[in-house]
Each structure stands twice: as structure tokens, then as C-alpha cells.
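User: I should like to learn how to read the features of a protein model, one at a time. Please give the general idea in each case and then show how it applies here.

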Amino acid sequence: MYNMEFKNPSNLIYIILPIASLGLFILGVVKKERIINLLKLDMRVRFKIIRTIILTLGLSLIFFSLLGPQSFEGFEEVKRSGLDIYVLIDTSKSMLTEDIQPSRIERAKKIIETIISGLDGDRIGIIPYSSAAYIQMPLTDDYDLARMFLEVIDTDMIGGGGTNVGKAIRLASESFERTSGSDKVIIILSDGEEHNSDSIEVLNQVKNDSLKVYTVGIGTDKGGLIPVYDDKSGQRTDYKKDSNGEFVMSKLNREVLQKLASIGNGAYYQSTVSLDEINSLAENISSLKRDTLKTDKIRRFKQLYQYFLVAGILCFLIAYLLPEGRRSEA
């Protein structure tokens, strides 16, 4: 005996279709008989009731198939394996520089969005950092939630000046210690400017065989000025100046990022407009060790809609093949 359920109960609204079609069919038969009577044709419509019943049955079966009938056949265990990935995004003011359009911070967010779109089963967390760092989003496989957190990232989320990626690396490493046995991945997105230069020392302290560090350089060697925006209007009012009143030029510091990637047994990538570097990054990550992160029990169903659909079509075919009428015998 089938334990029947419906996959698409929302399609119940389409019950109006067989009802309307049946109404139109009856009106058509009535109109046809009226025309025959007006023309005084000597004809009698045969199988009128049978055809109506068969067409009604066919419409009902097709409507029933739209509800997605299915039978429950038991539970199945599905193991989901993946990596734990923390993305460290530089939110210091230098990331506002527009040598990368529309800005370095927006390019970084676009890269993260691309990374999230390519994940399947991996858990991802986000750690913004500048002078300080915090876990904005813990490790999760809810990618829609990750996109929501990503949208609100900007250069005003952490107060104070300076850039200290070392704090973010240590924070990610401490969080990894409480997770699975898979390889741990840190992806750093930054222009490489570091005012607290202890990141190399921190990484040397926390690195291990399962930790892989990948860095993405965002910026150009030529660099650009750092814009200053009005807090209320959001309009650019000036460019950042140093204590001598000179404009501050921010340039990509790829050496720091390359060294972090080398120590972390990863790789360095240069951001491009086409985001080709993300394909290379994804290819590297795909070869890493994955662990079972979650075991889910899913319900297995056998789809039954096709039987009702075929039966409905056959009813229409039978109704179509029935002869409509013949001349009455004198």
C-alpha cells in the first residue's frame, strides 16, 4: 500500500482548469445540439454521456499529476564532505582606493561572491579585519546567509586605523581547532598594506600540515589616492593626507601576500577584471583533503505522476476516437 504524498501541493490552484474545461465542453455539446436542432438535421449525438465522463476523468487525472503524487519509500543517509574555509577580507581605508574599479573593497566582495557560488558542501566563514578582527560569520554551509553577511561589509565596520592581518589569521586558526579533520583553508583578500607587521610571525606560530593559506592581491603597482567620504551624504569630500598635508598614495604590496602564501603552503593570486584567478584558486582547493562534515537523513520517494499523466492522455485519446454522431433511422 502506497504512503502517498504530494510534491507540489501548491498546484492545487490549477483545479480550476479541469472544472473550467468541463464547463466549456458541456456548453459546446449543448450548443452543438442546438445548432443541429435549428438546422433540423436528422442526426443523433452518440456516446454523449460516456464521452463527458471520459473527458472529465482525463482532466482529473492530468490535474492530479500536477500535484506531484509520490510514494514514501524510506530514509537514506547522505554524507556531506567538504572543507572549512575562512575568508579574511581587508576592510582598512586603503581598500577604498579606486585603482581597481569600482574600488578595492568592492572587487574583494565580488571575489568572495564568486567563491561562494562555486562551493558545494564546504563550510565558509568571514572575518573582516583592519586594526582589529572579528568573526562576522562563523563557518556555515548556508550560502544564502553568507551572501547576506557579505553585502553589509564595508570599511566602516571596524574603527581605528592601521591594518593587522595577523590578528585575523590567529582568530581563524583558533576557530579551526574546534572543527573537523579536513584541511583548513584561509583565503586573504587584501592590498597587502600592513601597519602591524607581525602576520609572518603569527602564521609561523599557528601553521600546520592541514592549514593552507591562499592570498589574493587587490590593487595595482601604480596605486591611487585614498578617498575620504562624508559620513552623512556619502559623497567624496577629499583624499587622505599624511601629517605633512601630503596626499597618501596606496599601492599593492604583493611581497607580503606572496610570503604569507608561501609559508602557508598555498598560492598567491593577482586580482583581475575577469576574475580568472578564482578559477585557479578553486582548482587548487578542489585537490585538498575533505572530511565528513555532516550526515543527513533524507526521505526517498518514488514518483507516480507519470502514471496519472499517461492515463489522463489515454482518456483524451479514447474520447477523441469515439464517433460523434450518425443519422437517425427513419
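User: Where do Glu106 and Lys109 lie, and how many residues apart are they?

Analyst: An α-helix has 3.6 residues a turn, so residues three or four places apart point the same way. In this predicted model, Glu106 and Lys109 are both part of helix H3, with a separation of three residues, or about one turn of the helix. The two form a salt bridge in which the closest N and O atoms are 4.0 Å apart.

User: Are Glu106 and Lys109 buried, partly exposed or exposed?

Analyst: Glu106 has a relative accessible area of 36%, so this residue is partly exposed. Lys109, with a relative accessible area of 11%, is buried, because the limit for that class is under 20%.

User: How should I read salt bridges that join separate parts of the chain?

Analyst: Side chains of opposite charge can pair when their charged atoms come close. The structure has 11 salt bridges. One of them joins Lys93 to Asp156, with 2.5 Å between the closest N and O atoms. Because Lys93 is in the loop between E4 and H3 while Asp156 is in the loop between H4 and helix H5 (165-176), this pair ties together parts 63 residues apart in sequence. Lys93 is partly exposed at a relative accessible area of 38%, whereas Asp156 counts as exposed at 54% relative accessibility.

User: Which residue forms a salt bridge with Asp221?

Analyst: The partner of Asp221 is Arg254, and their closest N and O atoms are 2.7 Å apart. Asp221 belongs to the loop between E8 and strand E9 (224-225) and Arg254 to helix H7 (residues 254-263), so the bridge ties together parts that are 33 residues apart in sequence. Arg254 counts as partly exposed, at 22% relative accessibility. Salt bridges may also be linked in a network, as they are for Asp99, Arg104 and Asp191.

User: How many aromatic pairs are there?

Analyst: A pair of aromatic rings is described by the distance of the centres and the angle of the planes. With a limit of 6.5 Å between ring centres, the count is four aromatic pairs. In the pair of Tyr239 and Phe247, the ring centres are 6.3 Å apart and the planes meet at 85°, so the arrangement is edge-to-face; the threshold for that class is over 60 degrees. Both residues are partly exposed, Tyr239 at 26% relative accessibility and Phe247 at 45%.

User: How many residues does the largest nonpolar core have, and which have the most contacts inside it?

Analyst: A core is read from its members and from the elements that supply them. The largest nonpolar core here has 34 residues, and Ile124, Ile187, Leu189 and Tyr214 have the most contacts inside it. Elements giving two or more residues include strand E5 (123-129), strand E7 (184-190), strand E8 (211-217) and helix H8 (276-286). The most comes from H3, which gives six residues. Ile124 itself, leaving aside neighbours within four places in sequence, is in contact with residues including Ile85, Val87, Ile115, Ile116, Leu119 and Tyr143. Another core, of 23 residues, lies apart from the largest one and has Tyr86, Leu88, Phe176 and Val213 among its members.

User: How can the length of helix H2 be checked, and which of its residues are buried?

Analyst: The check compares an expected span with the distance between the end C-alpha atoms. Helix H2 (residues 48-66) has 19 residues, which should span 27 Å at 1.5 Å a residue; the end C-alpha atoms are 27 Å apart, so the two values agree. Its buried residues include Arg51, Thr52, Ile54, Leu55, Phe63 and Ser65. Just after H2, Gly68 adopts a positive phi of about 70°.

User: What does Ile54 touch, not counting residues up to four places away in sequence?

Analyst: Ile54, in helix H2, counts as buried at 18% relative accessibility. Ile54 touches Cys315, Ile318, Ala319 and Leu322. Between Ile54 and Tyr320 the C-alpha distance is 9.9 Å, although 266 residues separate them in sequence.

User: How do such cases fit into the protein as a whole?

Analyst: The protein has nine helices and 15 strands. Among contacts between residues at least 6 apart in sequence, 82% join residues at least 24 apart. Of its 330 residues, 39% count as buried. The protein exposes about 18600 Å², of which carbon and sulfur atoms supply 55%.

Methods. Residues numbered from 1 in each chain as written. Predicted model: local features only at pLDDT ≥ 70, side-chain atom pairs only at ≥ 80, totals over all residues. Heavy atoms only, no water. Phe/Tyr/Trp six-rings, centres within 6.5 Å; stacked < 30°, edge-to-face > 60°. Buried < 20%, exposed > 50% of the residue type's maximum accessible area, 1.4 Å probe, protein only. Helix = DSSP H or I, 4+ residues; strand = E, 2+ residues; numbered from the N terminus. Contact = heavy atoms within 4.5 Å. Areas by Shrake-Rupley, 256 points an atom, 1.4 Å probe, with all protein chains shown as cover. Core = buried A, V, L, I, M, F, W, Y, C linked by side-chain atoms within 4.5 Å. Salt bridge = Lys/Arg side-chain N within 4 Å of Asp/Glu carboxyl O. Expected span 1.5 Å × (residues − 1).
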